[in-house]
Structures are given as C-alpha cells and as structure tokens.
Amino acid sequence: MKRMPFSSFSKQGFDASSGMLVRRALKGEGSLSLTVFLRERGLLRIAARGAASGKVRFGGGTEPFVWGVFKYYRGRSGGLHLESVDVADDMLPLRKRPEALFMAVRWARRLLRHVPVELPADELLKVLYWSMRLLSNKDLPVELADWRFLYRWLKTQGLVPDLRKCALCGNLSERLAWSAEGLLCESCAPSAHETKPVFSATRLKFLEALARMDASTLEGLEKQEVLWEQRALFNQAARCLEGFLFEV
C-alpha cells in the first residue's frame, strides 16, 4: 500500500491515504456515507456527494472492501468529502465467494464496534489486508482466515495468549480449556474443563503454527485438503479467540 504524507486531522484542505472501505450507507440527496480504514488516519467517515445518484462517479472506489488511495477534503466544519479513489485492489474474488463475503462483513462490523475513530492502527490495517486476501482464496477455508485474523488482531495489541501454557500457573499442559482469562490447565481450573472448549497441546501447536505463517506461505502449503478437514477446529478456536478478544 502506498505511503502518503501525514497531516493533522483538524487541518482544513486536501489529504489522502491508503486503506480499505469498510462500510457504505445511503445519505440524503443521493450521496453516500463511507467509513474507511486508512493508514496513519484510522477509521474516518467521509461523505461521497452524488455517488448514489450517479451524478458523481468514483468508478469502483465506493464498493465495500475496496483497497486504494482515498483523496478527500476536510471542510471548515471538520466534515470530510471524497474527491477521488485510486483503486489498488478491488477484492473482486472475495465478493464472488459468498461465505468469504459473509466473513468480511462480520470482520467489518467488529472493526466498527471496537476500533476508535481517527486513531491510527496501521499494524491492524496490514493484518486486515492480508486476511482479506486469504478470504479471497477459494483454495483455503474461510474459518482458517478467521482464526488467523483474530489471532493477529490480538497480537497487534500485545494480548495474544500463549497457546502452550496455562494462563494462571504458566505450566505446559497436554490439555487446555479456553476461558475469558485465556487457556487454563485442569489443575488450575477443573470446572473449566467441564464447561469450556478444551484443546489438546497438539491441536494448539497446529493452530499457532498456521496463525504465525505469512499469507504467501499459507497459500503455498501442500496437502491443503488437511486444512479443509480441520474447518470445525478453526471455527471453534476462532469463536474462543473472539470471546477472549472482545471481553478483555
């Protein structure tokens, strides 16, 4: 993604940055309200006047999940108005894959709920881009992309749990139960092993290895049918991680 010069959020005038269009909504008089996640800017809400009526055309730049360079103008009142979009990646393969599109919408809702407006989060933005690329890959299960995205989101905040040790005693264990406090051994939390999802050390090691792989390595793995056979594991682990991420 192209690096753009930083300028003050409150400064009136033109500005530009690269990132993703997270959400769009209809606004009065044929306009669109866009929420974009931009490099060195964070989440911004930008008005695209006339875009919904066709009076002003931005090409494919107002399609959800498009990546590119967004140029906009900040008025005297502080409102942002879209001037142009230089599309770098239209994410068309993602929109042609229904289950991937559903997952992308889910991620977008989480971002809108948990990422503060106008607070830069460049590491998370980078994670989001490559996670979207993995979602677009029809050879990989979306559940794996979901697990990897949530794991790496936690990592950007320094909150990723150790998948080898108990969160309370720090000991290695062959079986760990996932709770809001992290992974717990049976000695520290016997009741958790009866009521919470329990993972073997082998499966946790497998999950961690996949989460740490870069996107190109993951896409180049041989015997990808093994990954499809583990969809239930990826989904269960992602739901545990999702609960941990948004409860801490």
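This is a predicted model: local features need pLDDT of at least 70, side-chain atom pairs count only at pLDDT 80 or more; totals for chains, interfaces and linings use all residues.
Residues are numbered from 1 along each chain as its sequence is written, and side-chain values use heavy atoms, with hydrogens and water left out.

**Overall build.** The C-alpha trace spans about 65 × 35 × 30 Å along its principal axes. The secondary structure comprises nine helices and eight strands. These are DSSP runs, numbered from the N terminus: helices are H or I of at least four residues, strands E of at least two. Of the 248 residues, 48% count as buried. Buried means under 20% relative accessible area, exposed over 50%, and partly exposed in between (1.4 Å probe, protein chains only). Among contacts with a separation of 6 or more, 61% join residues 24 or more positions apart. Contact here means heavy atoms within 4.5 Å.

**Cores.** A nonpolar core is a set of buried Ala, Val, Leu, Ile, Met, Phe, Trp, Tyr and Cys residues joined through side-chain atoms within 4.5 Å. The largest has 61 residues. Phe37, Leu128, Met132, Leu135, Trp147, Trp153 and Trp178 touch the most other members. Apart from this core lies another, of 15 residues, including Leu38, Ile46, Ala48 and Phe58.

The table leaves out neighbours up to four places away in sequence.

| Residue | Residues in contact (heavy atoms within 4.5 Å) |
|---|---|
| Met132 | Met20, Phe65, Trp67, Met91, Leu94, Ala104, Trp107 |
| His81 | Ile46, Ala47, Arg49, Tyr72, Tyr73 |
| Lys71 | Phe14, Asp15, Ala16, Leu82, Glu83, Ser84 |

**His81.** His81 lies in strand β5 (residues 80-89). A polar contact of 3.4 Å joins its side chain to that of Arg49. Such a contact is a pair of N or O atoms within 3.5 Å; within protein, one must be able to donate a hydrogen and the other to accept it, and residues adjacent in sequence count only if both atoms are side-chain atoms.

**Lys71.** Lys71 sits in strand β4 (residues 67-74). Lys71 counts as partly exposed because its relative accessibility is 39%. Lys71 and Arg23 are 48 residues apart in sequence and 17 Å apart in space, C-alpha to C-alpha.
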